[in-house]
Amino acid sequence: MNWPETHYVYIEKTGPFQETAPEAWKNLHASVPSILENNKITGYMSLYKIKPKMIYRAGVVTASAPKKLPKGVEYMNFRGGKYSRFVLTGPYTELPMACGRIFEIVSEKKIKRGDDFNIENYVNDPRITPENQLITEILIPTL
């Protein structure tokens, strides 16, 4: 699939994801009210890379380039690109195992990977969606 160019507002952490991802999301959720003061949020997603160092970005998609972001929140115009798409239906706690299996499949099938960020696109709202019905698109950059 082709992921479109996206206005992405995020908090970045480096290090092991089991430590950095929860902290990044906690900080981002605390910043959402301030982000909403001047911007329209259209979705939630994370971007992450494993090599050369582990980078995790918890973020929101905005309708346009953002205005007046709170301290510690960054912006990038994510260019998008070509991705292999996998879908997890179920709780976010299953994401580490699902991602591990996806990386195995990519290796087994010899899918040529691109050097961009992996994406987790959170399709529905966890505040109103039962945990077993949460949908997460896991996107792996491909050539």
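Is Y56 buried or exposed, and what is its relative accessible area? Y56 is buried, with a relative accessible area of 6%; buried means under 20%, exposed over 50% and partly exposed in between, using a 1.4 Å probe and protein chains only.

## About the model

This is a predicted model, where local features need pLDDT of at least 70, side-chain atom pairs count only at pLDDT 80 or more, and totals for chains, interfaces and linings use all residues. Residues are numbered from 1 along each chain as its sequence is written, and side-chain values use heavy atoms, leaving out hydrogens and water.

Let's look at the rings. The whole structure holds 6 aromatic pairs (Phe, Tyr or six-membered Trp rings with centres within 6.5 Å; planes under 30 degrees apart are stacked, over 60 edge-to-face, the rest tilted). One of them joins F17 and Y48 edge-to-face, at 5.7 Å centre to centre and 75 degrees between the planes. This pair links distant parts of the chain, 31 residues apart: F17 is in helix α1 (residues 17–36) and Y48 in strand β3 (residues 41–49). Helices (H or I, at least four residues) and strands (E, at least two) are DSSP runs numbered from the N terminus.

Both F17 and Y48 are buried. Y48 and Y56 are stacked because their ring centres lie 6.4 Å apart with planes at 15 degrees.

## Around N118

N118, in strand β7 (residues 118–122), is buried, with a relative accessible area of 3%. Leaving aside residues up to four places away in sequence, N118 touches residues including Y48, F103 and R113 (contact means heavy atoms within 4.5 Å).
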